[in-house]
Amino acid sequence: MSTPQTLDADPSITPPRLWDPVVRLTHWGIAVSVLFNAALDEGGSLTHVSLGWLVMALLLLRLVWGVLGPTEARFSAFPPNPLAALRHLRDLAGGHPRDYPSHNPAGALMVYAFWAMLALVTVTGLIMTSGATPMQVADDKAAVASGDWSALIKESEAEDDAGLRHLAEETHEVAANLLLFLAALHVAGVALESRAMRRSLLAPMLLGSRRK
Ligand code: HEM
Ligand code: HEM
């Protein structure tokens, strides 16, 4: 059976010169929104919830694309494989990493970790806001007046599901911090890999035309 590992041995294998528009749009949309929500806006504000919903939509689109998109964007092109990831890191440390037809196996693990954390941060966000859409937030005079969901959350904490909401709040913050940690590791990985491969990994995620 043909797997990405057996394909590695084929010198004709090259990673995408340019990721397709859906991968690029979802990547940069998610990256900017996550950084904004984690570091720049106020947790629970209308902007925060709106960006959170945008992230949910982009994540769903990307997951559908993992089945319907072009070959290199499909889940089957970068299966989670910890042993292959270790092998790749060993090759990288030895200064001779190989090309892969999609994300390299270490990058693939990072991608799945990102998606899991994004799902966790959005689900816990939905629990805290009882699934209210940004439109409902805008309609809610109290939330708009304070520009903040915190007051509503404090109110509802007196209700029956206070325990669940509190757990969601704690988990939301931990997941957001883990996302920032993963992002730092991810940017370092992209830089390291680009250096070792003597080509930019960033260019195909931007506008293409990487040096070969
Ligand atoms: C997309 C990624 C997201 C990130 C990185 C993120 C990050 C954060 C962080 C760091 C906080 C704590 C802020 C603080 O204590 O000042 C927070 C609070 C909050 N977030 Fe998010 N968030 C995201 C998505 C969402 C979504 C999708 C929703 C709702 C649908 C949401 C609703 C809230 C609410 C209501 C709070 C306030 C909690 C409180 O008052 O204690 N967030 N978020
Ligand atoms: C919180 C911020 C970020 C998140 C959540 C994130 C997430 C991701 C995800 C999920 C992928 C896989 C793309 C896909 O298949 O759909 C990816 C790939 C990639 N990201 Fe990010 N990213 C972030 C920030 C950045 C930044 C700041 C850079 C710029 C250096 C960057 C550069 C890349 C590159 C070059 C790839 C492709 C790697 C490869 O060739 O395999 N990312 N990122």
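1. Which residues coordinate the iron atom of ligand 1? In this predicted model, the iron atom of ligand 1 is held by two histidines, His-48 and His-172, each through its NE2 atom and at 2.0 Å. Because His-48 belongs to helix H3 (residues 46-68) and His-172 to helix H9 (residues 162-197), the pair ties together parts that lie 124 residues apart in sequence.

2. As to the geometry of this site, the angles subtended by the six donor atoms around the iron atom of ligand 1 run from 86 to 179°, and the arrangement is therefore octahedral. Both coordinating residues, His-48 and His-172, are buried.

3. The largest pocket has a volume of about 1,200 Å³, and among the 45 residues that line this pocket, those closest to its centre are His-27, Val-111, Phe-114, His-186 and Val-190. Two or more lining residues come from each of helix H2 (21-40), helix H4 (82-93), helix H5 (105-128), H9 and helix H10 (202-206).

4. On aromatic contacts, a search of the whole structure returns four aromatic pairs, and one aromatic cluster is formed by Phe-75, Phe-78, Tyr-112 and Trp-115.

How values were computed: Residues numbered from 1 in each chain as written. Chains lettered and ligands numbered in written order. Predicted model: local features only at pLDDT ≥ 70, side-chain atom pairs only at ≥ 80, totals over all residues. Heavy atoms only, no water. Donors = N, O, S within 2.8 Å, 3.2 Å for Na, K, Ca; no water. Tetrahedral: all angles 85-135°; square planar, octahedral: opposite > 155°, others 65-115°. Helix = DSSP H or I, 4+ residues; strand = E, 2+ residues; numbered from the N terminus. Buried < 20%, exposed > 50% of the residue type's maximum accessible area, 1.4 Å probe, protein only. 1 Å grid on protein atoms, 1.4 Å probe; cavity = no way out; pocket = protein on both sides within 12 Å on 5 of 7 lines; lining within 4 Å. Points joined across faces, edges and corners; volume = space filled by probe spheres on them. Phe/Tyr/Trp six-rings, centres within 6.5 Å; stacked < 30°, edge-to-face > 60°.
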